[in-house]
Amino acid sequence: MALVVQKYGGSSVADIEAIRRVAKRVVATRKAGNTVVVVVSAMGDTTDDLLDQAAALTSTPPAREMDILLSAGERISMALLAMAIDELGVPARAYTGAQAGVLTDSKYGRASIVGVLPERVARAIQTGAVAIVAGFQGINEVEDVTTLGRGGSDTTAVALAAALNADVCEIYTDVDGLFTADPRIVPTARRVEALSSEETLELAAHGAKILHLRAVEYARRFGVPLHVRSSFSDKTGTWIYDATRPGAFVPPAAAERLNEVVAADIDAASAASAADAPSASSPAPGTTGAPALDGLSGRVVAPEGAAAPSSASVDAAHRHAITTRAKARPRPSAKEDHVEAPVISGIAHDRSQDKITLVGVPDIPGAAARIFAIVAGTDANIDMIVQDVSAEGTGLTNISFTCPDGDSASAREALEAAKEELGFRSLHFNPDIGKLSLVGAGMRSNPGVSARLFNALAETGVNIHMISTSEIRISVVVDDAVLDDAVRAVHTAFGLDADAAEAVVYGGTGR
């Protein structure tokens, strides 16, 4: 029996019929022999409606009272879902964030979780009931209700999964998992079966909206396996694993099926060595569509709908298969594809950022420190930063950075107020930018990735304003007006397109 935490977003519980559909899925999971804890967002547009009502009364609502108001949305959906599950013959108990033991700090509207003590949830599931928890909320040290801000329900689910030592945290949304790009822009984007937490963090940080950055960071920190799925279909979705933890990720493949395939791969590798067959990383004859072990990474790629093997069996299979295949693999010739070619996981884009440039900043030690200390004092989050080479003979430079559009006004105001202190000449503001990020493994060790990216943008007539890189990501800032064209061009340039028949409709994700 597995302990499963399921999170359902606002679109998944948008109305009564949607709640009934979710209830049936929860009951099916419970009757399959699993222990189930459910975290829900508010129904559909409930939160927006509550915000509108508050705005009709005051332009400056007290933060404490706003949290009390906004937490009502999840209380409604948790109670209705518990009733729907109970109607199907399975006992269910609904709990607010406070009742579920979600403890936070006192930053109303954007509180952070400081601990989880899920005693009542644990007692409920021990009796065989399904526990339904309101996402997006908790309680602080003075027993006030708090809300967690963006990504709050995802974070609630991951935090409960970590505290309960759950086997998996399933994030249900209205799409079939994570895709190589936003299918609204790239209709031929394809679903990714598995991603490392590092790749997922980069995608989430640079515009992918299916999972929030906070939830992925929490899952990685506490080793919680994530499974992103659609509440409107039975497709497998996308597994997110921690590549830094040996054996931590066990993708959905039946143990006996895995053993069969490993044996087949080993036999195929041995035959390849004797018969001068193609590279051992090619699929073995007759194994199309079955789980396959990559000879370099040992990662399992599994078919949809299969069950999970034990971590120990996967580790043993990995070691045996990798050792055998390493001995059998022919050395690549200069004409063959590089065996360590970069693996591009996907493309993220973000329109929610603004660009601020300080022109004529004194090029002296400590100048940047003072600038960003002032920005930090406004609680603005900084993403990309670029400093120009000092203009010859002037002792001055330019510093540009991007931040969320909701943070840019306070950052600009604070910098303008400190203009004399900081000594810069002028401040330029550009709200019409978009960010494109190419995410994948092997970028640092493979020449030509950035050249291919920049060439694809150049051929599409896209000018680049800023560039930022990491080991698994290259990000560029471009004009917002050409961002969609840029995403499509780069997606095609890196061979990520799927058949048009595989395209899906992209929707929102709830909270």
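I call a residue buried under 20% relative accessible area, exposed over 50% and partly exposed in between (1.4 Å probe, protein chains only). The model is predicted: local features need pLDDT of at least 70, side-chain atom pairs count only at pLDDT 80 or more, and totals for chains, interfaces and linings use all residues. Residues are numbered from 1 along each chain as its sequence is written, and side-chain values use heavy atoms, with hydrogens and water left out.

Entry one: salt bridges. I count one when a side-chain nitrogen of Lys or Arg is within 4 Å of a carboxyl oxygen of Asp or Glu. The structure holds 15. I looked up Asp480 and found its partner, Arg351, with the closest N and O atoms 2.8 Å apart. Asp480 sits in the loop between strand 22 (473-479) and helix 15 (483-493), and Arg351 in the loop between strand 15 (343-350) and strand 16, so the pair ties together parts 129 residues apart in sequence. Helices (H or I, at least four residues) and strands (E, at least two) are DSSP runs, numbered from the N terminus. Asp480 is partly exposed at 26% relative accessible area. Arg351 is partly exposed too, at 36%.

Entry two: another pair. Arg229 and Glu170 meet in a salt bridge through their side chains (3.5 Å, N to O). Arg229 belongs to strand 11 (residues 226-230) and Glu170 to strand 9 (residues 168-173), so this pair ties together parts 59 residues apart in sequence. Arg229 is buried at 15%. Glu170 is buried at 10%.

Entry three: a network. I found Arg64, Glu65 and Asp144 linked by salt bridges.
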